[in-house]
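Open the model in your viewer and keep the selection tool at hand. This tour goes stop by stop.

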Amino acid sequence: MNRSRRIKLQVFRITVFVVLGAFFLVPVGAMFEFSTRGNSINAPRTLEAWTQIATTPGLGDAIVASLELAAITSILMLVLVLPTMVWVRLRLPRISRIVEFICLMPLTVPAIALVVGVKPIFIWISNFTDSILVLSLGYVILVLPYSYRALDAGLSAIDLKTLSEAARSLGAGWGTVMWRVVVPNMPSAILNACLLSVALVLGEYTFANLMNYENLQVAIAYVGLTSAGTSIAVAVASLIFAFALLLILSFVRRPRTGVAAADPVELDLSKPLALSGAVYGRVGNR
Amino acid sequence: MSAAARPLEGGRRLSLSWIGAVPFFLYVGVFLLLPTAIIVGGSLLTPGGTLSLANFDGIDKPYMFKAFASSIAISSVSAVVGAFVGALLAYAVVTGKPDGILRRSVMSAAGVLAQFGGVTLTFAFIATIGTVGFVYVFLQQHGIDIYPNGHVWLYDLPGLTLIYMYFQIPLMVLVFAPALDGIRPQWREATDSLGGGTWHYWRYIAGPLLFPSFLGCTLLLFANAFSAYATASALLTQGGVILPLQIQALLTSETGSSQPGYAKALALAMIVIVLVVMALYTLLQRRTAHWLR
């Protein structure tokens, strides 16, 4: 590459990074600025909006509810999806395409459309309990594509057949195979799937709002009607929390020596967005 | 004797194998397939159980037509602009060091921002260019009024389109970067050695190769914006401006419960549009996959 072309390319790259960097960073900065404003124009900076998070009615409950939903959804997802995926790989390879298709289906059904069909089921469920935690039953469906991709990458990286046959020949039952062979061999894939689920549940608004449950996002929207500063403070906090989750992820996926190195899972949200497993399977493996 | 017993044994093992997959299929049956069936059945069947398009009757009303048109307009504009800007950013990223810190951090950030949306994102933009927003006030103090006629377009379709860019551009970077990575420097060198310039290279080599992928990614962005609901719901206070908000109105209001088939008909229309767009996207991605190795 000659010199003038290289300079042109560098000018182009710097321009793009500066302009788009501003577009993406300024709104986040503005949110932080807004949340530290005093009551009048010339009032000094204050953290009042942040301290009010604790005292605003309903907000604390919603935060706790969302965290509980995130935990329940992650556990339910793992218990439901991981044994099925292992079982299908070992004993029912014929239906693996069907399972993949079903797991990726929520990507083509918009949540706002899905909720129309899910609402009657939840109205029926509300005959038995009015706890917000039943929302996690629907959230498992929403996180299905992301957790499927993360777990699929983890399972592809281990020699599942040999490991399970070895364990079985030594007298292990299926429970032992799952709990003491499969799970310890793909810790980062499982963590990855869980963190993606947590991030999605903490940001979920559609299901909760339209089925009249007050989770974190719905509460932020309500509080925003009366106290913009506090709601924006919560929004910043939830954003920082999401970034912290991502930071944990980037540490987890760093290649280590030994067994963990055979488990190359990347945080790549684009993969589940592709309908075709073949195309992205190939791209993702590069 | 043993030959006769074997198929029986095989048959029994098969039936036992199926049991392992039952919990999963039961669960997705109730919470994914049944809702889909409720939408399809509820929109195409009358209460008596006969096939009919009666539930789609309201779709030709002017306000509904407007909601459809607005939905398609903001999805198209945010997809096309997002695709162009995202492609520029993706190009700026892939021309850097393959394992550099810049590339890693941009791709990680894109992973988060592509999923970012809803209430938080809306508040971020209100805090930026809302009427008391940081940037708006700053610009106003320097003599620039971004709302010249007093029309605060942030709370209207242009504002929604601008906010959508915040997740459309990162999504484009995520899905288009692999295609750009597949472009080999040797092709550029070959163009050079044959006497071609930058224009020739983009017009005859890289452009035609990348175009199917670019088009496919644009379609994905369209589907992404078309399905988005939370951002619009938090931003727009007057109801029914775009299709998802019409569904919201039907689900939360009294009129909705008097015509239960109508919301399902709208949901089905949305699903069909997204399904067609995503199928085209998959076809175009397959085309790209031929040379992307």
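How many of the eleven residues of helix α11 (residues 216-226) of chain A are buried? Select that helix: eight are buried, so-called when 20 or more other C-beta atoms lie within 10 Å of a residue's own, with C-beta atoms placed from the backbone. Among them are Leu216(A), Val218(A), Ile220(A) and Val223(A).

A note before moving on. This is a predicted model: local features need pLDDT of at least 70, side-chain atom pairs count only at pLDDT 80 or more, and totals for chains, interfaces and linings use all residues. Residues are numbered from 1 along each chain as its sequence is written, while chains are lettered from A and ligands numbered from 1 in the order in which they are written.

**Chain A.** Select the whole chain. It has 14 helices and zero strands; these are DSSP runs numbered from the N terminus, helices being H or I with at least four residues and strands E with at least two. Of its 286 residues, 45% are buried.

**Where the chains meet.** Now show both chains. Chain A brings 70 residues to the contact and chain B brings 64. Two residues are in contact if their C-beta atoms, placed from the backbone, lie within 7 Å. On the chain B side, helix α1 (residues 2-44) of chain B gives the largest share, 15 residues. That side holds 45 nonpolar, 17 polar and two charged residues. Here Ala, Val, Leu, Ile, Met, Phe, Trp, Tyr, Cys and Pro count as nonpolar, Asp, Glu, Lys and Arg as charged, and the others, Gly among them, as polar.

**The core.** Select Met31(A), Met172(B), Val173(B), Phe176(B) and Ala267(B). They touch the most other members of the largest nonpolar core, which has 162 residues. Such a core is a set of buried Ala, Val, Leu, Ile, Met, Phe, Trp, Tyr and Cys residues joined through C-beta atoms within 7 Å. Its largest share, 15 residues, comes from helix α6 (residues 157-181) of chain B. Beyond its neighbours within four places in sequence, Phe176(B) contacts residues including Gly86(B), Phe214(B) and Cys217(B).

On the α3(B) side, the contact is made by Ala110(B), Gly111(B) and Leu113(B). Its residues divide into seven nonpolar, one polar and no charged.

**Last stop.** Which helix holds Phe68(B)? Select helix α2 (residues 62-94) of chain B.

Key
A residue is buried if 20 or more other C-beta atoms lie within 10 Å of its own, exposed if 12 or fewer, and partly exposed in between; C-beta atoms are placed from the backbone.
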